[in-house]
Amino acid sequence: MSRARADEEEYWHSSKFRAFTFDDEDDELSQLKESKRAVNSLRDIVDDDDDDLERVSWSGEPVGSISWSIKETASGTTGSPEGRDSSLQKGSSSYTAFPKQVSSYSLSSLFKGEYHHIPYGQMTLTDTGVKNYAPELRRPKAEYKDYSSDWSPKDTVRRMQRGKVCSLERFRSLQDKLVLLDEAVAGHDGNVITAVLIFLKRTLRREILFRELEVRQVALCHLIHFLRETGEQKFLLDLLRFLDRTEEVALSQYREHLNIQDVEKRREFLKGCIGLPFSPEDTSHIQDHYTLLERQIIIEANDRHLEMAGQSEIFRKYPRKASILNMPLVTTLFYSCFYHYTEAEGTFSSPTNLKKTFKIPDKQYVLTALAARAKLRAWNDVDALLTTKNWLGYTKKKAPIGFHRVVEILQRNNAPVQVLQEYVRLVEDVETRLNLATKYKCHDVVIETYRDLKDRIQLTAYKCKVERGSAEEEKINCILNNTVRN
């Protein structure tokens, strides 16, 4: 018990620091090293490679500590330079004396932990603790100017454009803030405009900010874009309502469906969006979106059941790779043409039902259905898709997308040469037909086209491109011989 009391007494009466004396020159370095463990390390000083030395004041307190800063603030510049120089000469110090900088801190700011922009070499006290910085030498004098000094709005904007640190807190009146915003807009720098808008958004009431932005369309567009990018939906809706932009309010609310993952909840949300004040065209799109999702839910449930039961041959042969839910209309049509092409129009999954319900143009329908059936190599379905019958009962091939695109889609799905040749012949432009026939080695089409053109030279040249002894070579020889007789 006595030993514990003795240790406690020794702890409270001991000190890590001893007062600095000029007489104890031999122990000076050890004192400085010991004080280093009690204070934060300083930055490297220009041309000073001795990291073991630490600056301390003549009172023995580390430079940059709270008590030192308070004393320096109180004393100001009362000490004469001559006195300091003479005291420096008396001590045998191994480091060079630096000119003392007057601290701009008050006692209240030190204990409140307020943050200020200060010149280099002064201490910044934040909520996370105290950091000490050595004065930086050999820098332009302009660098030492206080960031919170009386910069005009124009100068502030210019400094921000150059990437300089500027404090906007000094602009407190509404007039100063509006002038700052106008200068930012005049500078045509989007980053500066956004930075000023963030400052105004934080320091002004919404009603005042909205009223002033209403007559500043450039700044208003920047703020709307910023709010959309950051997802501040409530603030954005308040702004749009103030501006009486009802359609944009409705579109912003409709956009929220993207954040709803549950398909049933999304369907109910879309149903509620139908009554919002959209334009007539947008109202039609919202209605189609709701109808499509409702149709997808029905198709997905039925197809999942068929796939799990194994009752459908096409699902066994071509298993589904993904769900149809939340897919676009064109993807849904392709899916329907792939798995439900032969279904009657009365079913929800029928391609013709989708075409009629959503008023899909013929060109889009033919393009999508052709791609789906060609992928399944269902060439009879392709032929039926492109065959039309007139009122007299005559049939002919017709392609709203052009037969050259039909040929490209079929070739991409590895259609046989016989199938390709049938549709290459239907390409009206002669040059395009020859290019496609040559590219995809439809020799009969090339030979027939040169025969119709009566181009003996090209036909003779093409004879060298076919296999010797083949049916194509024999056909060319027959044409050339008939030409000679005639």
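Select Trp391, Leu392 and Tyr394 to begin: together they make a nonpolar surface patch of about 480 Å². A patch of this kind joins nonpolar side chains (Val, Leu, Ile, Met, Phe, Trp, Tyr) within 5 Å, taken from residues with over 30% relative accessible area and no salt bridge, a salt bridge being a side-chain nitrogen of Lys or Arg within 4 Å of a carboxyl oxygen of Asp or Glu. Accessible areas come from the Shrake-Rupley method with a 1.4 Å probe, and for residues only the protein chains shown count as cover.

This is a predicted model, in which local features need pLDDT of at least 70 and side-chain atom pairs count only at pLDDT 80 or more, while totals for chains, interfaces and linings use all residues. Residues are numbered from 1 along each chain as its sequence is written, and side-chain values use heavy atoms, leaving out hydrogens and water.

Stay with Tyr394, which is found in the loop between β3 (387-389) and β4 (395-397); helices (H or I, at least four residues) and strands (E, at least two) are DSSP runs, numbered from the N terminus. Is Tyr394 buried or exposed? Tyr394 counts as exposed because its relative accessibility is 57%, where exposed means over 50% relative accessible area, buried under 20%, and partly exposed in between (1.4 Å probe, protein chains only).

Next, select helix α17 (residues 351-358) and colour its buried residues, which are Pro351, Asn353, Leu354 and Phe358. Looking down the axis of α17, you will find that these buried residues fall within an arc of 160°, so they line one face of the helix; the arc is that of the directions from the helix axis to the C-beta atoms. The elements that cover them include α14 (280-309), α16 (329-339) and α18 (362-375).

Now move to Arg320, in the loop between α15 (313-317) and α16, which is buried, with a relative accessible area of 15%. Which side chains make polar contacts with the side chain of Arg320? One is that of Glu307, at 3.2 Å, and another is that of Tyr335, at 3.2 Å. A polar contact is a pair of N or O atoms within 3.5 Å; within protein, one must be able to donate a hydrogen and the other to accept it, and residues adjacent in sequence count only if both atoms are side-chain atoms. Leaving aside neighbours within four places in sequence, the residues in contact with Arg320 (heavy atoms within 4.5 Å) include Glu300, Asp303, Phe315 and Tyr339.

Finally, show the whole chain, which has 25 helices and 4 strands.

How values were computed. Patches are made of residues with over 30% relative accessible area and no salt bridge: like charges are joined within 9 Å, nonpolar side chains (Val, Leu, Ile, Met, Phe, Trp, Tyr) within 5 Å.
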